[in-house]
Amino acid sequence: MRKTIIATLALPAVALTACANYGTGDIARTAGQAVLVDLIRDAVGLGLRDDAFVARDQYRNPVETLAFFGVQPDDTVVEVWPGGGYYTQILAPYLTQGGGSYWPVASERGLNGVRTFASDNPAYASTINYAAFPARAGDTMVPAGAADVVLTFRNVHNWQMGDAPFGDDAFRQMYAMLRPGGTLGVVEHRLPETADSALERTSGYMKTSSVRRLAEAAGFEYVGSSEINANPNDTADYPQGVWTLPPTLRLGDTDRARYMAIGESDRMTLKFRKPV
């Protein structure tokens, strides 16, 4: 059930007090990590989120993930292919309260979840700016160098599947969006490095080395990784690829209990930087 707000909702007082102390400029060096985590946790718990999304927090770990990427409340944040809006329902309130801005970028159909959230929650609509991705001539684009952070969650495999992979172009476009020194955060289903690389074209899983290669070829510097979204129970060798696992459960009731016990996929969490 969607939880709709009627008027502007403020974050708890502790969060607002912390925001008020930031001022302008690069607040990453003025706000301690504990304060940042508290601000993100406040946005996650604000009460605007779909129940189905909240149920997935145990696998997606939004507080820890956004804190690892260092997403500040006054940042300009681009989310590539936001899907149903899991992170939209966190980032739009978080950035509105902190004076930042949120750019969901996708095809028009891929923006449906964001537009629904904005319509239901007009207090946060002014923070949201829409653009196309991948962008072509004539499309609305994120201005070059405008973003402090670009995020993409479980999308790289889609760019590398099919007859015309475009992961290299996708990473080049994300690079262009970022200011020098800006951050790219990537979460992706993880294929073991020892697995057949051909599975990257069919399984929905990617090798960490492959994602790094795409990012670094576009000019990004690798900063580091986290095991925040790891799942050691995931063997990444299922008959319908990653979609065998929840939340998709493509096999239906076949071995459902087994796949539910495994949980959602094992995921890499990688942080890159655009060089200064």
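Trainee: Is F69 buried or exposed?
Mentor: Keep in mind that this is a predicted model. The cut-off for buried is under 20% relative accessible area. F69 has 1% relative accessibility, so it counts as buried.

Trainee: How are the rings of F68 and F69 arranged as a pair?
Mentor: A search of the whole structure turns up 13 aromatic pairs. In the pair of F68 and F69, the ring centres are 5.6 Å apart and the planes make an angle of 50 degrees. Stacked needs under 30 degrees and edge-to-face over 60. At 50 degrees, therefore, the pair is tilted.

Trainee: Which residue lies over the face of F68?
Mentor: For a charge over a ring, the limit is within 6 Å of the ring centre. Here the distance from the ring centre of F68 is 5.8 Å, and the residue is K271.

Trainee: What lies over the face of Y130?
Mentor: Look at the ring centre of Y130 and go 3.9 Å from it. The residue over that face is R115.

Trainee: What is omega for the bond from P246 to P247?
Mentor: Most peptide bonds are trans. The one from P246 to P247 is cis, and P247 is in the loop between β6 (221-226) and α11 (256-262). Its omega is near 10 degrees.

Trainee: What about D255, where is it and what is its phi?
Mentor: D255 is in the loop between β6 and α11. At 44% relative accessibility it counts as partly exposed. It is not a glycine, yet its phi is positive, at about 55 degrees.

Trainee: Is N61, with its positive phi, buried or exposed?
Mentor: N61 is in the loop between α4 (57-60) and α5 (62-69), and its phi is near 45 degrees. Its relative accessibility is 16%, so N61 counts as buried.

Trainee: How do the residues lining the largest cavity divide?
Mentor: That cavity has a volume of about 50 Å³. Its lining includes Y59, R60, F153 and N229. The division is 4 nonpolar, 2 polar and 3 charged.

Technical notes: Residues numbered from 1 in each chain as written. Predicted model: local features only at pLDDT ≥ 70, side-chain atom pairs only at ≥ 80, totals over all residues. Heavy atoms only, no water. 1 Å grid on protein atoms, 1.4 Å probe; cavity = no way out; pocket = protein on both sides within 12 Å on 5 of 7 lines; lining within 4 Å. Points joined across faces, edges and corners; volume = space filled by probe spheres on them. Nonpolar A, V, L, I, M, F, W, Y, C, P; charged D, E, K, R; others polar. Phe/Tyr/Trp six-rings, centres within 6.5 Å; stacked < 30°, edge-to-face > 60°. Buried < 20%, exposed > 50% of the residue type's maximum accessible area, 1.4 Å probe, protein only. Lys NZ or Arg CZ within 6 Å of the ring centre and 35° of its normal. Helix = DSSP H or I, 4+ residues; strand = E, 2+ residues; numbered from the N terminus.
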